Amino acid sequence: MITNTGGNRLYREIQHRLLEAYDEIHQTGNWIDNKYTASVEQKLKNITGRRHAKLVTSGTTAILTGLLAWGLMGKKIACANFGYVASANQAALLNDVDFFDVDSNGLMDITQRFGHDAVIPVSLYGNTIDYDKLNIGDHTKVIVDCAQSLGSKYKGRPDGSFGDAAVFSFARNKPIPTAGTHGALVWDDDAMVEPVHTATVNGKLGRTNPITSLGINGTPFELQAAWIDIGLDHMEEWQQRRRKIHEFYTESFANLPIRIIEAESYCESNYQKFALLSKDRDNLYEHFTERDIETPKHYIDNFGKFFGSDKTFPMTDKLCKQILTLPNHSWLTDAEIETVADTMKEFYK
């Protein structure tokens, strides 16, 4: 089967370094928040230019940490109505969420002024919003969901460098794949170092310290940090491979009745997903499935219908019905890539 992720092949590529790290972690007994965690945090600061970084147990945890640390509870939060549900449900758990439709690329519609307590734009499929056009109130916080965009750039600046804080995610289908999940939060404000850390250790900095805030258990594991630490050293080469796959697909599908989601001119994408729109999406999906090619429907949820909204979301509805993503991870062989392209063209003959 041609899969949407390549975990076994990733493992073979980094196996030597990973096993050395695993042996060291177990031999020393430093299982949490230690050497590899610190290395990941430093590399994320180097990549984004941020002053601070905190590794946690998932991207979802990173979002919730940001909300807790910045005091965003019982507030009015603006969220994109389309994408992965974690971008919305953590805000909805603690706040009154206000959903906004997306554009034809699945990015949050930012044509209005946001006077909310916070706004959570999402860099979907590795593509960013036009940050210069994000119009916010004087007291509006911005937490950017960069779970899919590590390595992307906006007008030459790395994604993750915008907003009061930005969050990243590490899992089997992310720019830096891992055998499990972890996440990270990056920010600049020195005054937020202790609130962020406190929020990730259940609001209590130590056994003999008092409880000072609400919190969750977000303490990172060295075993996962090792995956991320090694993967970050390969980030650029993996991204370039995804770019070449994206370009090959784009050229191959030039005359087909589909629309490929591309980054706008202001954004240099990391090509985290090859997403396309097809009016015959469900039959196309079955066509690929019958030929053992994994093509997930990223994504099919209209958040407003579940969380509640009196608005209409026409672009969300369109994307939910037409979106499909093709395999484009770094470990596909050239033959597999050609098979995916040929299978697509076969469907439209």
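Biologist: At roughly how many degrees do the axes of helix H7 and helix H11 cross?

Modeller: Bear in mind that this is a predicted model, where local features need pLDDT of at least 70, side-chain atom pairs count only at pLDDT 80 or more, and totals for chains, interfaces and linings use all residues. Residues are numbered from 1 along each chain as its sequence is written, and side-chain values use heavy atoms, with hydrogens and water left out. Helices (H or I, at least four residues) and strands (E, at least two) are DSSP runs, numbered from the N terminus. Axes are lines fitted to C-alpha atoms, for helices over the stretch in contact, with angles from 0 to 180 degrees between N-to-C directions, and those of H7 (residues 235–252) and H11 (residues 334–347) come within 10 Å and cross at roughly 30 degrees.

Biologist: So is H7 roughly parallel or roughly antiparallel to H11?

Modeller: Angles under 35 degrees count as roughly parallel, over 145 as roughly antiparallel, 65 to 115 as roughly perpendicular and the rest as oblique. The crossing is at roughly 30 degrees, so H7 is roughly parallel to H11.

Biologist: And what is H1 to H6?

Modeller: Helix H1 (residues 7–28) and helix H6 (residues 222–232) have axes 9 Å apart and pack at about 140 degrees. That angle makes H1, relative to H6, oblique.

Biologist: Is Thr 140 buried or exposed?

Modeller: Thr 140 sits in the loop between strands E6 (135–136) and E7 (141–145). Buried means under 20% relative accessible area, exposed over 50%, partly exposed in between (1.4 Å probe, protein chains only). Thr 140 has 6%, so it is buried.
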